[in-house]
Amino acid sequence: MIKVAPSILSADILHLEDEIKSIEKAGADWLHVDIMDGHFVPNLTFGPKLVRELRKITTLPLDVHLMIDNPEDFIAKFAAAGADNITVHSEVKAPVPQLMETVKGFGVSFGISIRPDTPLESIKEYLGIIEILLIMTVHPGFGGQKFIEAVVPKIALAAKLKSEQRYRYEIEVDGGLNDQTVKTAAANGATLIVAGDYIFNSNDYQKAIASLRD
C-alpha cells in the first residue's frame, strides 16, 4: 500500500500549524521534513527547533531527511526533538554504520538516501539493515523540480532486491511527484511518496493526496 508524506518545504510557513492540521485531515500518512545546510545542498531550511514544534502539533510520524554534510553532529538533536525516522545521505563522509548505530541508539528508525546519480550498488551492503531507502528523483536542494525518469530503473532494482532478499525497507521517492509521475514510481515498487508542491499548491489537499495513493 502506498503511503504519502507531504513535504513541509512547500507549505505556507507563516500558517504552518493550519497547514499541518489540513493535511492530517486530508489523509497524510507521514510528514516529511527536509533539513538543508547550504553546503551539502545549495539551500538552507530548518533545524531541530522546528521539528520540536511540529511534534507538539501533530501525531503524524516525522520523517526527517538530513541533507547536511555533518549529520553525526545533529542526529541527537533531531531525535530529541521528536523525529520518528532520520534519513542521511550515503554521500556524506561519516561512515554509514556509525550513523545508523547513533540513530537507532535513540530508538529512531534509520534511512539512507541516494542522489539521482548515485548507484544503488554503492549501498547494497546496508539494504538489509535499514528501514527506509530514499531514492531522490530530483537533485536535492529545491522543490518544484521535474521528475527524473532515468532514476526509475533504480527504483525497480530496489524493489527487486527487496523481494528477493526479503528486505523490509520502505522504498521512498522524493522529487517531482504528482498524479502522473507517481504511476511510474509506484509501478516500479515505490511505497512511500514524498510530495511538496503538488499537494500544497493544490486547491484540495485531500484530492491531491488521494491521487498519489490511488
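Analyst: Leu 54 is in contact with Ile 8, Leu 16, Ile 20, Leu 31, Val 33 and Leu 62, when its neighbours within four places in sequence are left aside. The model is a predicted one. Leu 54 belongs to the largest nonpolar core, which has 70 residues. Within that core, Leu 54 is one of the residues that touch the most other members, a group that also holds Ile 8, Leu 66, Ile 86, Phe 110, Leu 133 and Ile 199.

Charged side chains form another kind of pairing, and the structure holds 8 salt bridges. One of them joins Glu 24 and Lys 21, with N and O 4.0 Å apart. Both residues lie in helix H1, which covers residues 16–25, and they are 3 residues apart, about one turn of the helix. Glu 24 has a relative accessible area of 25%, so it counts as partly exposed. Lys 21 is likewise partly exposed, because its relative accessibility is 34%, and this category lies between 20% and 50%.

A further salt bridge connects the side chains of Asp 29 and Arg 213, at 2.7 Å from N to O. This pair links distant parts of the chain: Asp 29 sits in the loop between H1 and strand S2 (31–36), while Arg 213 is in helix H8 (residues 205–213), 184 residues apart. Asp 29 is partly exposed at 24%, and Arg 213 is partly exposed at 22%.

Lys 104 and Glu 131 form another salt bridge, their closest N and O atoms being 3.3 Å apart. Here too the pair links distant parts of the chain, with Lys 104 in helix H4 (residues 96–105) and Glu 131 in the loop between strand S5 (109–114) and strand S6 (132–136), 27 residues apart. Lys 104 is partly exposed, with a relative accessibility of 32%. Glu 131 counts as buried because its value is 17%, and buried means under 20%. Salt bridges that share partners also bring in Arg 168, joining Lys 104, Glu 131 and Arg 168 into one network.

Key: Residues are numbered from 1 along each chain as its sequence is written. This is a predicted model: local features need pLDDT of at least 70, side-chain atom pairs count only at pLDDT 80 or more; totals for chains, interfaces and linings use all residues. Side-chain values use heavy atoms; hydrogens and water are left out. Helices (H or I, at least four residues) and strands (E, at least two) are DSSP runs, numbered from the N terminus. Buried means under 20% relative accessible area, exposed over 50%, partly exposed in between (1.4 Å probe, protein chains only). A nonpolar core is a set of buried Ala, Val, Leu, Ile, Met, Phe, Trp, Tyr and Cys residues joined through side-chain atoms within 4.5 Å. Contact means heavy atoms within 4.5 Å.
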